[in-house]
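My entries follow in the order of looking.

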Amino acid sequence: MKTLEQELSRVDLNLLVSLSVLIKEKNVSRAAEKLYLSQPAMSRILGRLRELFDDPLFYRESNGLQPTAKILELESQLDNLLFSIDSLIKSSNFSAKTCEKAFRLSTPPLMSKLLTAPLAKAIHDIAPKVTLEEYPSAIDPILLLKEGHVDFSIHIEDIVTSDEYRSEKIGYTYPVIYGASDHPLLKKENITIDDCLEYSFVELSLDIRSTGEYLNPIDVELRKQGKCRSIALKSGQLSTLIESIKGTDRLIIGGHLLGQDPILGSSFKAIKTFDSKPYTVGIYLIEHKRTLTSSPHRWLKLMISESIKKSFQD
């Protein structure tokens with residue numbers, strides 16, 4: 001009986017790297033370009049992979065190569081394997097000062113300035129060659145992690161339901177209704193949610209590709225009472241929403257620290273605060289298990305936790 005080492009000695013690990021790129025690119029020419037190979041060389045590699053796995057692996061359609069069932073079966077295992085190899089090689093010599101990785105993070109847009117800006121500054125001081133890319137959170141951040149679009153997702157719900165992902169609570173927030181500094185409601189005492197519902201709201205829209213529906217804690221409670229807000233505008237840009245309510249009586253719901261933003265704080269005030277249960281929600285850092293043993297990702301996770309907990313701590 002052959003040992004594991006003997007079995008694996010016939011496998012060229014470069015083939016697995018090439019397979020990973022082919023899966024991501026779904027195009028032989030683009031895969032060849034990514035690996036600095038000629039197209040004929042890439043085609044030969046694909047042939048060797050088909051022989052190794054005894055499967056066609058891909059079939060052609062007008063929009064590129066499409067994976068067979070075998071590829072779908074191998075994809076997650078392949079990612080885990082390559083990340084493990086990468087971690088094995090880099091674990092003993094990781095240095096933040098010399099690290100040149102690009103990390104991708106998805107963040108709720110209404111929290112972006114308070115979450116990401118301090119993190120970017122902290123990273124610059126100790127890891128000047130690192131690139132940080134921020135993307136808006138989707139309703140379902142799991143998909144972004146599963147497909148490798150981001151390294152970490154910051155989300156206001158603990159939605160992890162399988163061992164494939166890990167989540168860690170890094171803070172909390174609660175909703176506040178904001179309006180213009182001269183809003184009519186500010187003249188009232190003991191403002192109720194029904195008072196606020198007499199006015200229309202502007203709303204931050206999430207990823208249009210997301211499935212499902214996200215309701216903030218205020219809307220959850222309103223729905224239980226058979227009530228809802230009137231939405232006048234939805235936009236993916238916070239600056240657009242802020243500009244749209246200047247000089248109007250429209251309202252916007254944001255996290256409790258949004259009022260600390262000097263751009264918002266100079267023109268808007270908190271109308272009604274919801275700082276008790278069931279409105280308080282946790283903020284979670286979610287990651288895919290493939291990064292759990294990666295030294296660069298462990299370092300970034302620590303940086304995120306230290307930076308964010310300064311503002312959003314329990």
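Which side chains meet in a salt bridge at 2.4 Å, N to O? Working on a predicted model, I found that the side chains of Glu287 and Arg298 form this salt bridge, with 2.4 Å from N to O.

I then placed the two partners: Glu287 sits in strand E12 (residues 281–288) and Arg298 in helix H12 (residues 295–309), so that the pair links distant parts of the chain, 11 residues apart. I noted Glu287 as buried because its relative accessible area is 1%, whereas Arg298, with a relative accessible area of 26%, is partly exposed. Both residues also belong to a network of salt bridges in which Glu168 and Lys301 are linked with Glu287 and Arg298.

Next entry, on the wider count. I recorded 12 salt bridges in the structure, and I looked up two further pairs among them.

The side chains of Glu203 and Arg229 meet in a salt bridge with an N to O distance of 2.9 Å. Glu203 lies in strand E8 (residues 201–204), while Arg229 lies in the loop between helix H9 (217–224) and strand E9 (231–235), and the pair therefore ties together parts that are 26 residues apart in sequence. I wrote down Glu203 as buried at 18% relative accessibility, under the 20% cut-off, and Arg229 as buried with a relative accessible area of 9%.

For Glu100 and Lys129, I read a salt bridge between the side chains at 4.0 Å, N to O. Glu100 is in the loop between helix H5 (69–90) and strand E3 (102–107), and Lys129 is in the loop between helix H6 (112–126) and strand E4 (131–136), so this pair, 29 residues apart, links distant parts of the chain. Here I noted Glu100 as exposed, with a relative accessible area of 59%, and Lys129 as partly exposed at 46% relative accessibility.

Last entry, on the histidine. Setting aside neighbours within four places in sequence, I listed the contacts of His183 as Tyr199, Asp249, Arg250, Leu251 and Ile271.

Notes. Residues numbered from 1 in each chain as written. Predicted model: local features only at pLDDT ≥ 70, side-chain atom pairs only at ≥ 80, totals over all residues. Heavy atoms only, no water. Contact = heavy atoms within 4.5 Å. Helix = DSSP H or I, 4+ residues; strand = E, 2+ residues; numbered from the N terminus. Buried < 20%, exposed > 50% of the residue type's maximum accessible area, 1.4 Å probe, protein only.
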